[in-house]
Amino acid sequence: MVARLDHSFWIKSLVILLMLLYLITRFPYFYPFPETTGWSTAQVLTLLGMQAISVENLLIVQGLPVMEVSAECSGVVLMIIFMLVIFLIPGIKLSHRLGSVFFIPVLYFGNIIRLTIDTLAGLKFGPEALVFFHDTLGQVFIFFWTIMLYIIWLRLFDNFPREKRTIHPDGYD
């Protein structure tokens, strides 16, 4: 007798397949993420009073050299890894997995914050500071942001692993 697979298996498999297909078909540029990330960062910088525009995947801020928003800087790989981890973990309800999709805009916005802070550091302390912030503190920030979102997702959907405790009549574990 053949075991019957439920619909959640097929949905999970389809989501994983679509993410992998995107990575394969859009490699190495991952269009449109570098372009939209550059545009979004320029919009935030403009709201903060800077003169910033984006042209394709280039971010142009008055007072700094032209910056290229690469595929890695766009955060697309980090967003897909976030989703893949959630969809590959066994024993989680499909609705909880699908709920993780709402965390992607928050992760994306965190990346925009990171790039904005990098740019502000460059404007305040010079282009070398921008590179330093981007390559060090910016990386720490975005990974911390991702881990915090993952923990929030675990808590929000009650997927946080808990050790089962037994209570003895004498009150000790």
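**Group meeting: a walk through the predicted model**

The protein chain has eight helices and three strands. Both are DSSP runs, numbered from the N terminus: H or I over at least four residues for helices, E over at least two for strands. Along the sequence the pattern reads α-α-β-β-β-α-α-α-α-α-α.

Some ground rules. This is a predicted model, where local features need pLDDT of at least 70 and side-chain atom pairs count only at pLDDT 80 or more, while totals for chains, interfaces and linings use all residues. Residues are numbered from 1 along each chain as its sequence is written, and side-chain values use heavy atoms, with hydrogens and water left out.

Now the overall picture. The chain has 173 residues, and 38% of them count as buried. Buried is under 20% relative accessible area, exposed is over 50%, and partly exposed is in between, with a 1.4 Å probe and protein chains only. Take contacts, meaning heavy atoms within 4.5 Å. Among those between residues at least 6 apart in sequence, 62% join residues at least 24 apart.

On to the core. A nonpolar core here is a set of buried Ala, Val, Leu, Ile, Met, Phe, Trp, Tyr and Cys residues joined through side-chain atoms within 4.5 Å. The largest has 25 residues. Met19, Ile80, Phe82, Met83, Phe103, Leu107 and Trp153 touch the most other members. Helices α1 (7-26), α4 (76-88), α6 (104-125) and α8 (137-156) each supply at least two residues of this core. Which helix gives the most? That is α4, with nine residues. A second, separate core has 10 residues, including Ala42, Leu59, Leu64 and Cys73.

Stay with α4. Its 13 residues reach 18 Å from first C-alpha to last, close to the 18 Å expected at 1.5 Å a residue. That expected span is 1.5 Å times one less than the number of residues. Buried residues of α4 include Val76, Leu78, Met79 and Phe87. What do the buried residues of α4 pack against? They meet α1, α2, α3 (71-74), α5 (94-99), α6 and α8.

Beyond its neighbours within four places in sequence, Leu107 contacts Leu78, Met79, Phe82, Ile142, Trp145, Thr146 and Leu149.

Next, the strands. Two strands pair if DSSP finds at least two bridges between them. β1 (residues 52-55) and β2 pair in the antiparallel sense over four bridges. Their hairpin has two residues between the strands, and Glu56 takes a positive phi near 55°. β2 also joins β3 (residues 67-68), antiparallel, through two bridges. That hairpin has five residues between the strands, with Gly63 in the turn at a positive phi of about 100°.

Look at Leu59 in β2. Leu59 is the bridge partner of Ser54 and stands opposite Met67 in β3. Thr41 sits in helix α2 (residues 33-47) and is buried, at 1% relative accessible area.

Last, aromatics. Rings of Phe, Tyr and Trp (its six-membered ring) pair if their centres lie within 6.5 Å; planes under 30 degrees apart are stacked, over 60 edge-to-face, the rest tilted. The count comes to 10 aromatic pairs. Phe27 and Phe30 have ring centres 6.0 Å apart and planes at 75°, so that pair is edge-to-face. Are the two buried or exposed? Phe27 is exposed at 60%, whereas Phe30 is buried at 6%. Ring pairs also link Phe82, Phe103, Tyr150, Trp153 and Phe157 into a cluster.
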